[in-house]
Amino acid sequence: GLELDLTTSYCRRTIQEEEIVSFTDAIDAGWEDDPAFQTHQLSCYHGAPIVVDDEPFGTVCFSSQDPRAEAFSEAEKSFSYLIAQMVGYEIEQRNYERDLAEQEQTLEERREIYRAVIDASFDLLFRIDLDGKFTYHSPGVEDLLGYTADELNRRPFTMVLPDTETEEAAWRLFERVLAGETVEE
């Protein structure tokens, strides 16, 4: 969660290069003129980029003012890379869930407006989902069909039809609608 001026940190190179950057001694590595060394006097650095939605987001990094005696191992590099990948994934997931919640809120608000307009404008209206089940109906439908909202909700629209032959014909028409045809019957 630490935020630093990118121009004075080694993380800028990790982000620019989009790969792990590590060194055990800044002076031995020729980084003594780097603004990060000049500002923070960090001799040892190991950082992996965090990428969110294919864009640089930050880094997972480890640093020390003291040089490190041994080079970073491949296992240590892999570990930091995996941690950065996991952090990026979690941030993407959090962003996705936030965006989804906002979209669901907007959709629910639109549904409420739709219902209010329909209830005020039409006597008979119902909506069915892609499985042919009732998801909404105006109050007049209950009076006409004799079923309550609880009895209709999530039930197949064919339940209100008089016989098997009519149900089969209705399903055929419904499948044509799902195929993109305009159907009048």
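The structure holds nine aromatic pairs, where rings of Phe, Tyr and Trp (its six-membered ring) pair if their centres lie within 6.5 Å. This is a predicted model, in which local features need pLDDT of at least 70 and side-chain atom pairs count only at pLDDT 80 or more, while totals for chains, interfaces and linings use all residues. Residues are numbered from 1 along each chain as its sequence is written, and side-chain values use heavy atoms, with hydrogens and water left out.

**Aromatic rings**
- The rings of Phe126 and Phe134 have centres 5.6 Å apart and planes at 70 degrees, so the pair is edge-to-face (planes over 60 degrees apart; under 30 is stacked, and the rest are tilted).
- Phe126 is partly exposed, with a relative accessible area of 46%, whereas Phe134 is buried at 2% (buried means under 20%, exposed over 50%, partly exposed in between, with a 1.4 Å probe and protein chains only).
- Tyr10, Phe23, Trp31 and Tyr45 form one aromatic cluster.

**Residues of the loops**
- Glu18 lies in the loop between α1 and β1, has a positive phi of about 55 degrees although it is not a glycine, and counts as exposed at 59% relative accessibility.
- Glu19 is also found in the loop between α1 (11-17) and β1 (21-23), and Glu19 is partly exposed, with a relative accessible area of 44%.
- Asp54, placed in the loop between β2 (44-52) and β3 (55-64), has a positive phi near 65 degrees, though it is a residue other than glycine, and Asp54 counts as exposed at 72% relative accessibility.

Notes. Helices (H or I, at least four residues) and strands (E, at least two) are DSSP runs, numbered from the N terminus.
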